[in-house]
Amino acid sequence: MTTISFAPFLPWWMLSVAAVLALGLGVLGVARSVRGAWIRLAAFAALILALANPLLLSENREALSTVVPVIVDRSQSQATEERRQMTDTAVAELRERLGRFANIEPRFVDVEEPENSDTPSTRLFEALSAAVADVPPARIGAAVMLTDGQIHDLPANASALGFDAPLHGLITGRADETDRRIEIVRAPRFGIVGEEQELTFRVFDDGVEDNAPSDVTVTINGEPLSIVQAVPGEATPFTFTVPRGGSNVLEFEVSGLPGEVTDANNKAIHLIEGIRENLRVLLVSGEPHAGERAWRNLLKSDASVDLVHFTILRPPEKQDGTPINELSLIAFPTRELFVEKIDDFDLIIFDRYQHRGVLPILYYDYIAEYVQKGGALLIAAGPEHAGEDSIALTPLANVLPAAPTGEVHEAAFYPRLSEQGKRHPVTRGLDGSTQEPPQWGRWFRTIDVGQPEGETVMTGADDRPLLVLNRAAEGRVAMLLSDQGWLWARGFEGGGPHVSLYRRIAHWLMKEPELEEEALNARATGRTLEIRRQTIGDDPGPATVVYPSGRSEQVTLSEASPGLWRAERQMEETGLFTVQNGDFSALVHVGAVDAPEFKAMISTTDTLAPLGQATRGITTRLDDGGDGVRMPDILPVRGAVRVVDDRRLTVRLTDETVLKGIDTLPLFAGFAGVGLLLLAMSVMWWREGR
């Protein structure tokens, strides 16, 4: 491109004044018919033009390439062998065909799932925007998307693309694909343990006209629950009972269709958090003592506990002559509590209680039977436990883990964790337990017992058992062989973690899952799988992780603290994982349970077709009816795209250029300019001299 510019030697106002004066003199000379007036006017014009210094500018420009972004869908819905092969073949063809044009710059972008996303989805338009963020819209000649059509970030309209060029869609898969999927339509997030809940699911048969009923297998926490008949397209209700507190995994698996695209979406997962109703605890206090209210205060402060507390202040043998109608005490409803409603309680506590005729001897049989059927019993023992009226001498002895020797040992000691106690979740990590001596106050009395059954997790003076935990058939029993825990509550010698200890004992007895001494738990945070193995034994060995795709992997567990082994792993897949270690297994779902990527899996042209029509692009399938692909030709055009060719990918070539440099040529420079001025002056002098 060539232009003329000026670089005057004098300011423009001075040149303007000179031009006006010269023009005035020239006009005056012409008006008076002065000889050579026209030549004088031409000489003045040449002089002023020379002072204006005209320059001839010539720009050197280089044509810019036309950018064509090619967005390649590598999401999980594209992971089938057929679609993967189609995609790879089409990418190779596009590279070769676009490479024939020197002025076209293709940009290939593979779009996979974000590593840290727990909601798998196909977001091709985000990748498209990122690929052309550094390119002016005028340089974009077209955009090509290689996908199955399942896209989850479609813009509202073509103007949201940010450029005016054709958008082409090359669709993998076949037009006659079928797929069966199942989705949870409505379900509760929380449920009370033991109560019925209802959810609704729906089965979809995409690409199938015959909606015959299908079998849906339901499991909860890996255990088979039911088989339900579901009609595709119709909402199917399902009723179940929440089996346990904490996270529960409901899995719905529908039978597959012959030749369907994938069975990855034949499963649906729902997580429901089991909430326990308020736990009912019966606390029976015997002989009054300084720490009598320790258990009561702890249980009353727990909002999840309904406490029934009775204190035996007047045994039957006590006769002081006071008329019954003048007593303000409540009669102990023994039959109601220990016969009629004993199964309503989750835990029974005897706090320094002794057999003094309040409970008939038969009732201890009822309590022992209650424990063996799954109940929980705690004995908080004092000196009476070693005496003749000890409840250990009743039929309750059948479920107690230790029998008293009849001796009471009174000496100052620091309660310590045993080797098992350091690993047991009831006592593991108690504040102050890791130092020697422990950083808590001393106690002064223990009740001697014989060799106990179960686990002795705390010891007293001379390694005597202090806290014993044991299972009796289906139930649990704990014995705290001292009544000195109140010293910690009162802050004696700095106190101690009595709240943590008492609460853990109570919740272990009531079968809190987190306090199981042998347990395997798994949970997911985003795409990170965390495995937690509790054991009071030795190294449990590696865990086996079974992926949703069926492959398995060994994961090494590392000891995080005594009795607790952990592992963390970033997972590539999303879905339901099974974690196994020895005889234990756990289910965990990684990623969102309703991820868009698995909701629809058949390929479709419907998603991109409207945008293609609006931008004069084409949306076509790559399937050629055989094992190959049918790739459209490339058609470069100049100017706006006005016609759509269903067999060609139109690319609008850009007219954009970049300025590389400017060549400058002064028109009145050097001998040519001087010669022209001298010639003008000479002609003027010659003409006026005649």
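**Ground rules.** I call a residue buried under 20% relative accessible area, exposed over 50%, and partly exposed in between, using a 1.4 Å probe and protein chains only. This is a predicted model, so local features need pLDDT of at least 70 and side-chain atom pairs count only at pLDDT 80 or more, while totals for chains, interfaces and linings use all residues. Residues are numbered from 1 along each chain as its sequence is written, and side-chain values use heavy atoms, with hydrogens and water left out.

**Whole chain.** I started with the overall burial: 46% of the 690 residues of the protein chain count as buried. Next I looked up secondary structure, taking helices (H or I, at least four residues) and strands (E, at least two) as DSSP runs numbered from the N terminus. The chain comes to twelve helices and 36 strands. Then I looked up contacts, meaning heavy atoms within 4.5 Å. Of the contacts with a separation of 6 or more, 72% are between residues 24 or more positions apart.

**Helix 4.** Which residues of helix 4 are buried? In this helix, residues 124-131, I noted Leu124, Phe125, Ala127, Leu128 and Ala131. They sit on the same side of helix 4, because they cover an arc of only 155° around the axis. The arc is taken from the directions from the helix axis to the C-beta atoms. What covers these buried residues? I found that the cover includes strand 3 (66-73), strand 4 (104-111), strand 5 (143-147), strand 6 (167-171) and helix 11 (609-614).

**Two single residues.** I looked up Leu51, which lies in helix 2 (residues 37-52). Leu51 is partly exposed, at a relative accessible area of 27%. Leaving aside neighbours within four places in sequence, Leu51 is in contact with Pro8, Phe9, Leu10 and Leu15.

Then His424, in the loop between helix 8 and strand 21. His424 counts as buried, at 0% relative accessibility. Again leaving aside neighbours within four places, the contacts of His424 are Glu455, Val457, Leu469, Trp508, Leu515, Glu517 and Ile536.

**Ring pairs.** A pair of aromatic rings is described by the distance of the centres and the angle of the planes. I paired rings of Phe, Tyr and Trp (its six-membered ring) if their centres lie within 6.5 Å, with planes under 30 degrees apart counted as stacked, over 60 as edge-to-face and the rest as tilted. How many aromatic pairs does a search of the whole structure find? I got twelve.

One of them is Phe238 with Phe252, an edge-to-face pair at 5.7 Å centre to centre and 90° between the planes. This pair links distant parts of the chain, as Phe238 is in strand 12 (residues 235-241) and Phe252 in strand 13 (residues 246-254), 14 residues apart. Phe238 is buried at 7% relative accessible area, and Phe252 is buried at 0%.

I looked up Trp440 and Trp488 as well: their ring centres are 5.0 Å apart and their planes at 45°, so the pair is tilted. Trp440 is in the loop between helix 8 (419-423) and strand 21 (446-449), and Trp488 is in helix 9 (residues 486-489), 48 residues apart. Trp440 is buried, with a relative accessible area of 3%, and Trp488 is buried with 3% too.

Back to the Phe rings: ring pairs link Phe201, Phe238, Phe240 and Phe252 into a cluster.

**Cavities.** I worked on a 1 Å grid over the protein atoms alone, where a cavity is a set of points where a 1.4 Å probe fits but cannot get out, and lining residues have an atom within 4 Å of a point. Grid points are joined across faces, edges and corners, and a volume is the space filled by probe spheres set on the points.

I found two cavities of 30 Å³ or more.

How values were computed:
1 Å grid on protein atoms, 1.4 Å probe; cavity = no way out; pocket = protein on both sides within 12 Å on 5 of 7 lines; lining within 4 Å.
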